[in-house]
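Please open the structure in a viewer and keep the selection tool at hand.

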Amino acid sequence: MHYMFLIYNCEDRPAHGDPRFEEILKRVNAFADECRNRGVFVAGDPLKPVSTATTVRVKEGKAVLTDGPFAETHEHLGGYYLLNCRDLDEALELAEMVPQAQFGATIEVRPVDHIPGLNHGVA
Amino acid sequence: MSDLASAAVERVYREHRTRMLAALVRALGDFELAEDALQEACSQALRKWPRSQVPADPFAWLLTVARNHALDRLRHAQMARTKLPQPPEPATMTEKQLIGLGDERLSLIFTCCHPALNEEARLALTLQAVAGFTAAQIARTFLVAEPALAQRLVRAKRKIRDAGITFEVPADHLLPERLQGVLTVIYLIFTRGYTTADADLRQEALRLGKLVAALMPDEPEAHGLVALMLLHDSRSAARMTPEGDVVLLEDQDRTLWDVEEIAEGMTLLDRALRFGTAGPYVLHAVIAALHVQDPVDWTRITALYSELLSVAPTPVIELNHAVAVAMADGPDAGLKLIDGITGLDDYHLLHSSRADLLRRLDRRDEAAAAYQRAHELAVSPADRRFLAGRLRSLEDS
């Protein structure tokens, strides 16, 4: 089953040049390697800061743009993993290992839905 | 014949309901479908058995009929979705595999107590699926409206199906933590029966605990939990007057204690201790065992609470430790510890324990204020009457 890991609250990640940057990079890469070794890795990316977000709504056939994120909360989506796990137990075990979680991020684990007739991006 | 047949259905259902449900959830991967299918199989049995013979293996008969009914429903649902004349076979076990399944009740218990479900859902689901309570009974037990409770159950069952919670005993590296989770659910059911003086609920918790202990005989914590519940339960006739007033341990009429339950608890505790490692439930059971001795060895109880604090520290255990210290070393020492506890400001037992120690130290005004606070926080009528009585006797003396 495919699980989406939505990583919230990891906005202030150390920038390139910060002494912690190399350390975190190493851990994030190690996590992705662990996922690949287990054969569960499908995708995973960080997102640029919420200040770069544009929100689109369609009203009466016309796009209405908002400069900013969808929800005015303090906890923003900062990245994701898409993993093909055996079951929820494996997904939760991996969620606990997500390096960003060690630095205060919250991981929401959601199973990917399968709708008959829908051409899925993932198998 | 008809009476005999319905008695036969009822007997198989009563004795094997949990096993049949477990097998069907395993085979179908869906709680709601499994429950409906089992209900349908029972009503078919009530219709058919009186007219023919009670089958040689009623258990297998019910399982097979339930499975076939569920498969029909799945096929219909798929036909409606795909509009194909011949939809693919739903992926489930064959009849033979289903009948040949071993005892899946442990898988059922672990699934109901999965940590991805919230605590209320775990309790309700365990009572319904494993203990066979109706939604109405569970709603009454936890003082919630029945529709809300039913909704909670449906949500939990769908989450199990849709989020990929596997129906199985967890892998070895997850087992210790997950077993503690299962035991916690059973103990919460027991304590609910204890605080509401509901003997049936306590018996149900005992049955659940004994089932887990029987299915996992090499887990000392499972035996420890059953011992703990038996030792608490043994005193239930003595801890309330017939009018429903609280009687403290030192004032209890020991002839009202259930000696059989004490003996059974002690035997189980011995067995648990022979494993050599004592987890939280075994330690709690040892403490409960010391409480039924005369005189009570408070120094040993103090040491055991210290040990509990090192394995599973909680503010409530800190409080129990402080009370034991007060019994062993005097009220001053206990009071110092109580005043260092944080996070229990809204817990009436913290304030009533404090009040009791202040009373023994003859600090009456402070004692009265603490009893007052405990009285405001206490919920059960018996506790409130007890605290009001303490407050009055303090003012009278």
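The stops below visit one chain, then the contact between chains, and then parts of the other chain.

This is a predicted model, in which local features need pLDDT of at least 70 and side-chain atom pairs count only at pLDDT 80 or more, while totals for chains, interfaces and linings use all residues. Residues are numbered from 1 along each chain as its sequence is written, chains are lettered from A and ligands are numbered from 1, in the order in which they are written.

**Chain A**

Select chain A, which has two helices and six strands; helices (H or I, at least four residues) and strands (E, at least two) are DSSP runs, numbered from the N terminus. Along the sequence, the pattern of chain A is β-α-β-β-β-β-α-β. Its C-alpha atoms fill a box of roughly 50 × 45 × 20 Å, taken along the principal axes. Of the 123 residues in chain A, 16% are buried, where buried denotes 20 or more other C-beta atoms within 10 Å of the residue's own, with C-beta atoms placed from the backbone.

**The contact between the chains**

Next, display both chains. The contact takes seven residues from chain A and ten residues from chain B; two residues are in contact if their C-beta atoms, placed from the backbone, lie within 7 Å. On the side of chain A that touches chain B, helix 2 (residues 88-97) of chain A supplies the largest share, three residues.

**Helix 10 of chain B**

Select residues 199-215 of chain B, which form helix 10. Why does the span of this helix agree with expectation? At 1.5 Å a residue, its 17 residues should span 24 Å, and its end C-alpha atoms are 24 Å apart; the expected span is 1.5 Å times one less than the number of residues. Among the buried residues of this helix are B:Leu201, B:Leu208 and B:Val212. The buried residues of helix 10 pack against several helices of chain B, including helix 9 (175-195) and helix 11 (220-233).

**An annotated region**

Now select residues 178-272 of chain B, which UniProt lists as "domain: DUF6596" in an unreviewed entry. This stretch is 66% helix and 0% strand, and its end C-alpha atoms are 19 Å apart.

**B:Tyr305**

Finally, select B:Tyr305, found in helix 14 (residues 298-311) of chain B. Is B:Tyr305 buried or exposed? B:Tyr305 counts as buried because it has 22 C-beta neighbours inside 10 Å. Not counting residues up to four places away in sequence, B:Tyr305 touches B:Ile317, B:Asn320, B:His321 and B:Ala324.

Terms used: Buried ≥ 20, exposed ≤ 12 C-beta atoms within 10 Å, placed from the backbone. UniProt positions renumbered as here; feature names shortened; annotations may be inferred.
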